[in-house]
Amino acid sequence: MGKILILALLGLGFFVPSPYISKVTQVPIEDKLLRLYQRNGVIFPEIVILQNRLETGNFKSKISLENLNQFGMKHNKHGFSTGKVNGHACYPSIEASVQDYKRWQDQMIKTHHKSFPNHKIMTKEDYFWFLDHLYVTKGDTARYAEDLGYTRKLNKLLSQNDHAQ
C-alpha cells in the first residue's frame with residue numbers, strides 16, 4: 001500500500017517501507033544504549049545499563065518514554081536537558097540524557113575521591129560501593145537511590161546477565 005511503517009524504539013528507531021518487509025529484526029535497545037555509553041565515556045557501562053533497566057522499568061516508564069530521561073535525572077544547569085516535565089529533566093534525545101548522566105558520574109566520582117582518597121573505583125565491586133556511599137548533600141551520606149536494596153538488585157541483575165552469556 002505504500003505506507004511507511006515507523007519503527008521507533010525510544011527515539012533510536014528507523015523507517016522501513018512496509019511492503020518490503022516480512023519480518024523486522026531490531027537491534028535490542030540495550031545494545032544501542034551500551035554503544036551510546038561507550039561513545040560518551042560512561043564508566044562501567046555493563047552496570048549502568050542495569051541501572052537504566054531498573055530505573056525505567058525495562059525502558060517502559062513514562063519518564064523514559066516521554067522525557068527521553070533514562071536515569072530519573074532532575075533538570076539542572078549542565079545544559080543537556082531542555083526543561084522539566086513530571087518533575088524530571090526532559091531531553092531532546094536519549095544521547096543528551098546519557099551525556100547528562102556522564103557529567104553527573106564524573107562529578108560524583110571526583111567528589112568520592114576527595115571524600116575517600118584511598119578508595120579508587122577500579123572494579124565492579126568498587127562501583128557498587130561507590131553507589132552505596134555517595135555524598136551528595138552537605139556532607140550527609142546519601143545513597144544513589146532511595147531503595148536501600150538498590151545495589152543488591154543491580155548485583156542480582158548482573159549475575160543473571162553473566163549466567164545468560
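A residue counts as buried when its relative accessible area is under 20%. In this predicted model, Lys 102 has 15% relative accessibility and therefore counts as buried.

Begin by selecting Lys 102 together with Asp 106. Their side chains meet in a salt bridge, with N to O at 2.7 Å. Both residues belong to helix H4 and stand 4 residues apart, about one turn of the helix. Asp 106, at 38% relative accessibility, counts as partly exposed.

Next, display the whole of H4, residues 94-115. At 1.5 Å a residue, its 22 residues should span 32 Å, and the end C-alpha atoms, 31 Å apart, agree with this. Buried positions along H4 include Ile 94, Tyr 101, Trp 104 and Met 108.

Arg 39 is exposed, with a relative accessible area of 56%.

Then move to Arg 53 and Glu 30, another salt bridge, whose closest N and O atoms are 2.9 Å apart. Arg 53 lies in H2 and Glu 30 in H1, so the pair ties together parts 23 residues apart in sequence.

Finally, show H2 (residues 45-55) with H5 (residues 124-132). Their axes come within 10 Å and cross at roughly 40°; the two helices are therefore oblique to each other. Glu 46, Ile 47, Val 48 and Gln 51 of H2 make the contact with Lys 124, Tyr 127, Phe 128 and Leu 131 of H5. Of the residues in H2, 8 of the 11 are buried, so this helix is largely enclosed by the rest of the structure.

Definitions and conventions:
Residues are numbered from 1 along each chain as its sequence is written. This is a predicted model: local features need pLDDT of at least 70, side-chain atom pairs count only at pLDDT 80 or more; totals for chains, interfaces and linings use all residues. Side-chain values use heavy atoms; hydrogens and water are left out. The expected span of a helix is 1.5 Å times one less than its number of residues. Buried means under 20% relative accessible area, exposed over 50%, partly exposed in between (1.4 Å probe, protein chains only). Axes are lines fitted to C-alpha atoms, for helices over the stretch in contact, and angles run from 0 to 180 degrees between N-to-C directions. Angles under 35 degrees count as roughly parallel, over 145 as roughly antiparallel, 65 to 115 as roughly perpendicular and the rest as oblique. Contact means heavy atoms within 4.5 Å. A salt bridge is a side-chain nitrogen of Lys or Arg within 4 Å of a carboxyl oxygen of Asp or Glu.
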